[in-house]
Amino acid sequence: MSPRHRRCVVLRGSADATRASALERLQTLEDARVLWVGRETTRFVSVRERGVRALVGRAFDVVVIDLHEGLDADVLGLACGMIWGGGALVLRMPPEGEVSAARDDELVVAPHTAADVTHRFWARFERVLATTTARDDAAVIGEAPHEVSGDADQRRVIDALSATFAGDAPGLAVLLADRGRGKSSALGLAIRDALARCPALRIAVGAASPDATAEIFRFALGAPDPVREGSVRFVGPAALAHDGDRYDVIVIDEAAQLPVPLLQRITRAHPDARIAFSSTCRGYEGTGRGFVLRFLEWARSEPRPIVELELAHPIRWDEGDPLERFVEHALALDAEPAAFDGIDEHAVEHVVVDRARLAEDEVLLAELFGLLVHAHYRTTPGDLHRMLDAPNLAVHALLHRGHVIAASVIAHEGALSPELCDRLAHGRERIRGHALPDTLISHGGFAEAGALRMVRSVRIAVHPSLRRQGLARRLVEHVHATYSPDLFGTLFGATPELVRFRRELGYELVRVGASRGSRTGEPAAVMVRAASERGAALVASMRIELARNLPRQLALLDADGEVSLEPELDHVLREGLPTRAPLDADTRRAIVARYVSGPQPFDAVALAVTGYVEDHADAIRALDARAAALIESRVRCTHGWERVAADAGYPTVAAAMRALRPAIRALFEHVERS
C-alpha cells in the first residue's frame with residue numbers, strides 16, 4: 001500500500017469502550033490534526049454531525065466518526081474528502097452483529113413507528129466494510145505527510161486555463177472533477193500564471209460564499225483570505241450578474257452550488273470575458289450531475305467557444321486510494337446506469353421493486369440509484385438510506401430484460417388526524433415525511449387536505465439514452481394504476497417542460513413556492529391529480545385560491561429573484577387557471593386573521609393582506625416606524641426583500657422577513673381594537 005493511501009480503522013464495542021480506544025490511539029497527535037465527530041467533546045476539533053459541513057475546505061490527518069449514533073451517509077461522504085493522504089478514517093461501531101438504530105426516528109413517518117424502519121442500509125454497509133481493502137484495524141495511527149504534489153494531469157489543466165485567461169478572445173471553460181483532485185488549486189495556479197503573462201488582467205473570483213474561494217486565493221496570491229480590492233478580487237455571484245462592472249476573467253468555483261439561471265445571467269452579462277466554471281461532479285453534495293445536465297448543455301449551445309476539462313488523478317492522496325473506493329461503493333457514489341443502445345418495446349415490464357432484494361443485488365442497486373444520481377441534482381447518499389429503509393417509501397421501475405431503464409420513488413403521505421391537521425394549520429406543530437400535506441396545510445392554508453390519502457412522486461428518472469420515448473409517462477401511469485389514494489402529487493423546481501409533462505398526465509398546479517430553489521433558481525411548484533371525489537373538491541378549491549394569488553406571487557418572485565422569471569415559465573404557470581373571483585372584506589379579514597396567527601408565508605396570502613392593508617391604510621400611521629416602513633415597502637410597493645430590509649432599517653433580509661408577520665399582526669390588532 002502506498003504511504004499516501006488512506007486507511008479505515010474500525011473500533012468495536014460500547015460507546016465508552018470505543019471512545020477510550022480511539023483516544024488512546026490518537027494520543028500522540030496534535031489537537032488540530034484530528035476531527036472528532038460525535039456527542040463528546042475532546043481536545044481535538046470536535047463537532048456534532050450537523051457541524052461537519054461547516055468545515056468543508058479543511059483537512060485532517062484523522063477523522064473519527066461515532067456510528068453508535070447511527071450512520072449519516074452524507075457525513076461519511078463528506079468526511080472522506082477531508083482526510084490527508086496517509087491518514088485514517090476511524091469508525092466507532094457497536095459489536096459485530098449489532099445494529100445501530102439511533103437514527104431510526106429520523107426515518108419514521110406517521111402513522112409508522114421506529115419498529116417499521118428497516119436496517120438494510122446498515123447491513124449493506126457492514127457487508128462492504130467487511131470486504132474492503134481499506135480496512136486496517138491494527139494500523140498505527142500517526143501524522144499524515146501533508147504532501148500535495150501536482151502531476152501532469154493537473155499541469156495540463158492549469159496550462160489550458162491560463163492560456164484561456166491570458167487570451168484575447170471571449171471563451172468559456174468548464175472544469176469537472178471528483179473531490180480531492182485539486183480543482184481549486186488548479187484554478188488559483190492558472191490565475192497566477194495568467195497574471196505573470198498579463199499583469200493588467202482584471203479578475204473576479206466568485207462562489208456561493210467567500211470562504212469557498214480560500215484555496216483559489218492561496219494558490220493565486222499566496223494568501224488564503226479572499227480580497228475585495230486589487231486586480232484579483234472576490235465578487236459575489238449576484239453582483240457579477242447585475243452590477244455592470246467589467247472583468248477580463250471571471251472564475252466561479254463550485255458552480256453547482258448556484259442556481260443555473262444565475263450562472264446563465266453571469267455568462268450573458270459578460271460577453272467579452274473569459275469565464276471558468278468548476279464543479280465537483282461526484283460527491284456527497286449530489287449537485288454536480290445537475291450542473292452537467294442543466295448548465296453545461298446550455299453552455300455548449302452558446303456562441304463562445306467552450307473548453308471542457310477534467311481532473312481524474314487525486315493530488316492529496318495517491319491514485320487507487322482504498323478508502324475512496326470503499327466510501328464510494330458503500331454510499332453508491334460509483335453507481336452508474338446500465339448501458340443501452342436501444343430497447344425492444346415488448347421486452348419492457350413494470351415492477352414494484354423489492355427493497356430487500358435491492359439492498360442485496362449490487363447490479364440492480366447500481367443501475368437504479370445511478371439513474372437517480374444522473375437525473376437529479378439533489379440526489380445524495382442520504383437518499384439511498386431513505387430509499388432502502390424509510391417505511392413510507394416504495395420504488396417502481398421499468399425493466400428491459402432485467403435491467404433498469406426508468407425508476408421512480410414514491411411516498412405514502414396524508415391520512416392525518418383532524419387534531420394534527422389543526423395543530424399544523426395553526427403552526428403549533430411540524431411533521432416529518434409528509435411533504436405534500438404539510439405544504440397544502442401550512443403554506444396553502446387548507447387544513448382539510450391532511451386527512452386525504454396521498455401518493456407523492458419523490459423522484460423519477462429515465463435512462464439518459466432513452467429519454468423522450470414515453471417511458472416516464474408509462475412509469476407514472478403504472479404508479480397511478482397501482483394505488484387508490486385521494487390525491488397523487490409532486491413538488492419540484494418548476495420548468496415549462498416539467499409543468500407540461502405533469503399536466504398531460506392529469507395533474508393541476510395548486511401552489512407556486514414563495515422562493516426559488518437555492519440551486520435551481522426555479523420556483524417550487526406543487527401539482528396534484530385528483531383520484532377521488534374528496535380529492536377533486538379540494539383541488540377545485542385550491543385552484544380558485546391559486547388563481548387569485550398567483551399574479552401577486554409571481555410579482556413578488558420577480559422582485560426577489562436574482563434573475564427574472566423566464567416568460568415561457570410565467571406563461572405556463574398562469575395557463576388554464578379558473579376565472580379569478582374577487583375577495584370580499586369579510587373573506588380578506590378571515591385570511592389575514594389566519595395568517596397573523598399561523599404558519600402561512602406572506603406570498604400565499606399576499607392578495608388578501610394587500611387588500612386589507614389598503615382598506616386600513618390610515619391605521620399604518622399608528623404602528624412604530626419600522627413596522628410601518630416594512631408594510632409600505634413589501635406589501636404596498638411589492639419591493640424585493642433586499643430593498644425592504646434597507647427601507648425598514650433591518651440589518652439582514654432574514655430579519656426583515658421574520659418581522660413582517662408581527663408587523664401585520666400589530667396592524668390587524670390595532671384595527672380590531674378600533
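Mentor: Start with one pair. In strand β9, the residue opposite Val 205 is Val 251. Keep in mind that this is a predicted model.

Trainee: Which strand is paired with β7 over four bridges?

Mentor: That strand is β9, residues 249-252, and the pairing is parallel. Ala 204 also has a bridge partner in β9, namely Ile 250.

Trainee: How many bridges join β7 to β8?

Mentor: Three, and these two strands run parallel. β8 covers residues 232-234. Look at Ile 203: its bridge partner in β8 is Val 232.

Trainee: How do I read the two faces of a strand?

Mentor: Here is the general idea. Side chains in a regular strand alternate between the two faces of the sheet. Now take β7, residues 203-206. Ile 203 and Val 205 are on one side. Ala 204 and Gly 206 are on the other.

Trainee: Are these β7 residues buried or exposed?

Mentor: All four are buried, so both faces of β7 are covered. The cut-off for buried is under 20% relative accessible area.

Trainee: In what order do the six strands of the sheet stand?

Mentor: Read across: β8-β7-β9-β10-β6-β11. The sheet is open, and its pairing is parallel.

Trainee: Which strands stand at the edges?

Mentor: β8 and β11, the latter being residues 306-311. Each has a single partner strand, so one side of each has no neighbour in the sheet. Follow the strands across and you will see a twist, averaging 15 degrees from one strand to the next.

Trainee: Which helix lies across β6, β7, β8, β9, β10 and β11?

Mentor: Helix α5, residues 183-197. Its direction is at about 160 degrees to β10, residues 274-280. Helix α6, residues 214-221, packs on the sheet too. α6 touches β7, β8 and β9, and makes about 165 degrees with β8.

Trainee: Now the cysteines. How many disulfides does the structure hold?

Mentor: First the general idea. A disulfide is a covalent bond between the sulfur atoms of two cysteines. This structure holds zero disulfides. Take Cys 8: its nearest cysteine sulfur belongs to Cys 80, 9.5 Å away. For Cys 80, the nearest is that of Cys 8, again at 9.5 Å.

Trainee: Is Cys 8 buried or exposed?

Mentor: Cys 8 is buried, at 0% relative accessible area. Cys 80 also counts as buried, with 8% relative accessibility.

Conventions: Residues are numbered from 1 along each chain as its sequence is written. This is a predicted model: local features need pLDDT of at least 70, side-chain atom pairs count only at pLDDT 80 or more; totals for chains, interfaces and linings use all residues. Side-chain values use heavy atoms; hydrogens and water are left out. Buried means under 20% relative accessible area, exposed over 50%, partly exposed in between (1.4 Å probe, protein chains only). Two strands pair if DSSP finds at least two bridges between them. A disulfide is a pair of cysteine sulfur atoms within 2.5 Å. Axes are lines fitted to C-alpha atoms, for helices over the stretch in contact, and angles run from 0 to 180 degrees between N-to-C directions. Contact means heavy atoms within 4.5 Å.
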